[in-house]
Amino acid sequence: MSGAGVRVRVRVDPELCIGTGECARIAPAAFRIDESRGVSVPRPEAARVDRGVLEEAAHACPTRAIALRSGT
Ligand code: SF4
């Protein structure tokens with residue numbers, strides 16, 4: 001099988017997230033800010049977003065709240 005079938009599990013730790021919105025700016029298809037809680041929440045479509053974009057968002061997060069895992 002090709003890499004196209006590999007899914008990435010995207011998680012945001014709400015204890016670490018401080019709601020800066022960097023992730024949603026870099027990868028708006030993968031993250032949205034929950035205004036009521038002031039934290040980022042991965043979108044259901046996040047697993048289909050380009051891995052490089054997800055990694056860029058994760059690296060840009062000031063609190064390292066974003067975790068990426070290769071899922072099955
Ligand atoms: S970049 Fe990090 S701290 Fe900022 S909203 Fe996204 S997950 Fe939260």
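Q: Between which two elements lies the loop that holds Ala 29?
A: This is a predicted model, in which local features need pLDDT of at least 70, side-chain atom pairs count only at pLDDT 80 or more, and totals for chains, interfaces and linings use all residues. Residues are numbered from 1 along each chain as its sequence is written, and side-chain values use heavy atoms, with hydrogens and water left out. Helices are DSSP runs of H or I with at least four residues, strands are runs of E with at least two, and both are numbered from the N terminus. The loop of Ala 29 lies between α1 (22-26) and β2 (31-34).

Q: In what order do the elements of the protein run from the N terminus on?
A: The secondary structure comes to two helices and four strands. Read from the N terminus on, the order is β-α-β-β-α-β.

Q: Why is Ala 29 classed as partly exposed?
A: Buried means under 20% relative accessible area, exposed over 50%, and partly exposed in between (1.4 Å probe, protein chains only). Ala 29 is partly exposed because its relative accessible area is 42%.

Q: Which residues is Ala 29 in contact with, leaving aside its neighbours within four places in sequence?
A: Contact means heavy atoms within 4.5 Å. The C-alpha atoms of Ala 29 and Ala 46 are separated by 6.5 Å, with the two residues 17 apart along the chain. Beyond the neighbours within four places in sequence, the contacts of Ala 29 are Arg 43, Glu 45, Ala 46 and Val 49.

Q: Is Ser 40 buried or exposed?
A: Ser 40 lies in strand β3 (residues 39-42). Leaving aside neighbours within four places in sequence, Ser 40 is in contact with Val 12, Cys 17, Cys 23, Phe 31, Arg 32 and Ile 33. Because its relative accessibility is 5%, Ser 40 counts as buried.

Q: What distance separates the C-alpha atoms of Val 12 and Ser 40?
A: Val 12 belongs to strand β1 (residues 7-12) and counts as buried because its relative accessibility is 14%. Val 12 and Ser 40 are 28 residues apart along the chain, and their C-alpha atoms are separated by 6.7 Å.

Q: What share of the contacts between residues at least 6 apart in sequence joins residues at least 24 apart?
A: Of the 72 residues in the protein, buried ones make up 35%. Among the contacts at least 6 apart in sequence, the share that joins residues at least 24 apart is 54%.

Q: What is the volume of the largest cavity?
A: A cavity is a set of points, on a 1 Å grid over the protein atoms alone, where a 1.4 Å probe fits but cannot get out. Grid points are joined across faces, edges and corners, and a volume is the space filled by probe spheres set on them. The structure holds one cavity of 30 Å³ or more. The largest cavity has a volume of about 90 Å³.

Q: Where does Arg 64 lie, and what is its phi?
A: Arg 64 is exposed because its relative accessible area is 53%. The loop between α2 (51-60) and β4 (66-71) holds Arg 64. Although Arg 64 is not a glycine, its phi is positive, at about 55°.

Conventions:
On a 1 Å grid over the protein atoms alone, a cavity is a set of points where a 1.4 Å probe fits but cannot get out, and a pocket is an open set with protein on both sides within 12 Å along at least five of seven lines; lining residues have an atom within 4 Å of a point.
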